[in-house]
Amino acid sequence: MQIGDLVRLKNPLNFSPDSKNLLGVIIEIKKIKSDYINGKSGMILGMEYRVSIITNNKAAWYIQDSLELVSEGRRLSKA
């Protein structure tokens, strides 16, 4: 998943009490890493995505397993 992709929340939590499908757009990505071990950078444990929910325009962070890709955003090629 990349910035601009349309995603669906697998477990809507408190945003949708009637369990409707909630869609959002990925606006930021960050890696979740472990602490430094023996002076080396930690391992990547997972990815976290900041998603802007379309219906209420609020953004929140979600781990990769809680999102489902619906449609890829427009990819700009480098010319």
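Predicted model: local features only at pLDDT ≥ 70, side-chain atom pairs only at ≥ 80, totals over all residues.

Analyst: Residues are numbered from 1 along each chain as its sequence is written, and side-chain values use heavy atoms, with hydrogens and water left out.

The protein chain has zero helices and five strands; helices (H or I, at least four residues) and strands (E, at least two) are DSSP runs, numbered from the N terminus. The strands form an open sheet in the order β4-β3-β2-β1-β5, with antiparallel pairing; two strands pair if DSSP finds at least two bridges between them. Because β4 (59–63) and β5 (67–71) are at the edges, each with a single partner strand, one side of each has no neighbour in the sheet. From one strand to the next the twist averages 45°, with axes taken as lines fitted to C-alpha atoms and angles running from 0 to 180 degrees between N-to-C directions.

Strand β3 covers residues 44–53 and is joined to β4 by five bridges, the two running antiparallel. Within this pairing, Val51 has Ala60 of β4 as its bridge partner, and Glu48 stands opposite Ile63. Five residues lie between the strands of the β3 and β4 hairpin, where Asn57 takes a positive phi near 55°.

The largest nonpolar core has nine residues: Val7, Leu9, Leu22, Ile26, Tyr49, Val51, Ile53, Tyr62 and Leu67. Such a core is a set of buried Ala, Val, Leu, Ile, Met, Phe, Trp, Tyr and Cys residues joined through side-chain atoms within 4.5 Å. Buried means under 20% relative accessible area, exposed over 50%, and partly exposed in between (1.4 Å probe, protein chains only). The elements giving two or more residues to this core are β1 (6–9) and β3, and β3 contributes the most, with three residues.

Two residues of this region can be followed through their contacts, meaning heavy atoms within 4.5 Å. Leaving aside residues up to four places away in sequence, Ile53 touches Leu9, Leu23, Gly24, Lys58 and Tyr62. Ser52 is also part of the picture, as it is found in strand β3. Ser52 counts as buried because its relative accessibility is 15%. With residues up to four places away in sequence again not counted, Ser52 touches Leu23, Gly24, Val25, Ile27, Asn57, Lys58 and Ala59.

For the protein chain as a whole, buried residues make up 24% of the 79 residues.
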